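Student: I'm new to this one and would like to learn how to read it. Can we go through it together?

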Amino acid sequence: THPVVPRDPAPELEFELVGGGRWRLSDQRPRTFTMVLFYRGLHCPKCQAQLRELDRRLDEFAERGIEVVAVSGDSAERAHRTRDDWELERLRVGFGIEERTMRRWGLFVSGAIKDGEPARFNEPGLFLIDPDGTTFYAALTSAPWGRPPFDDILGGIDYTVENDAPARGEG
């Protein structure tokens, strides 16, 4: 598997959404970026805090032309519980990505070490994808902590747009 590299085409991504419908990266037409947030799953309290904050702040992303989706390898039942138990009102939540998709995106994959965790699940990842389908930004962590704060992401997007800054890290 090749790493996801800025300025290269993003890997294909397609999954079911809580509440119905199918989401495909190739169908997205954002004004600025598509933001794909890979979260660990229902078992993760840090993911709960992150997705609840994102749900509250969706307007800040929308104002900047950012289309947002969150996805994990959780089952449909667990993803529905995520939306309901975490009180996510507007965030689109996808489910059922397979380990090969996790790896294609360069995500770290963990095995269960305690009750309530799926046998295999992805660690966090956040990607910004240009409207042309190329990767602009990637942030990966190998543990539940160390995720980029949304204030930093929004500030970086503002800087990028105001200065017509290119994607970095392509070398």
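Student: Which residue in the turn of the S8 and S9 hairpin has a positive phi?

Tutor: Keep in mind that this is a predicted model. The residue is Gly133, with a phi of about 90°. Five residues sit between S8 and S9 in that hairpin.

Student: How do the two strands pair, and over how many bridges?

Tutor: S8 and S9 (residues 135–140) run antiparallel, with five bridges between them. To find one on screen, pick Leu126, whose bridge partner in S9 is Ala139. S8 also pairs with S3 (residues 33–38), again antiparallel and with five bridges. There, Met35 has Leu128 as its bridge partner in S8.

Student: Which residues of S8 point one way, and which the other way?

Tutor: Here's the general idea: side chains in a regular strand alternate between the two faces of the sheet. In S8, Gly125, Phe127 and Ile129 point one way, while Leu126 and Leu128 point the other way.

Student: Is S8 mostly covered or uncovered?

Tutor: Mostly covered: five of the five residues in S8 (residues 125–129) are buried.

Student: Which residues line the largest cavity?

Tutor: Among them are Leu37, Phe38, Gly125, Leu126, Ala139 and Leu140. By class, the lining has seven nonpolar, three polar and one charged residues.

Definitions and conventions: Residues numbered from 1 in each chain as written. Predicted model: local features only at pLDDT ≥ 70, side-chain atom pairs only at ≥ 80, totals over all residues. Heavy atoms only, no water. Buried < 20%, exposed > 50% of the residue type's maximum accessible area, 1.4 Å probe, protein only. Helix = DSSP H or I, 4+ residues; strand = E, 2+ residues; numbered from the N terminus. Pairing = 2+ DSSP bridges. 1 Å grid on protein atoms, 1.4 Å probe; cavity = no way out; pocket = protein on both sides within 12 Å on 5 of 7 lines; lining within 4 Å. Nonpolar A, V, L, I, M, F, W, Y, C, P; charged D, E, K, R; others polar.
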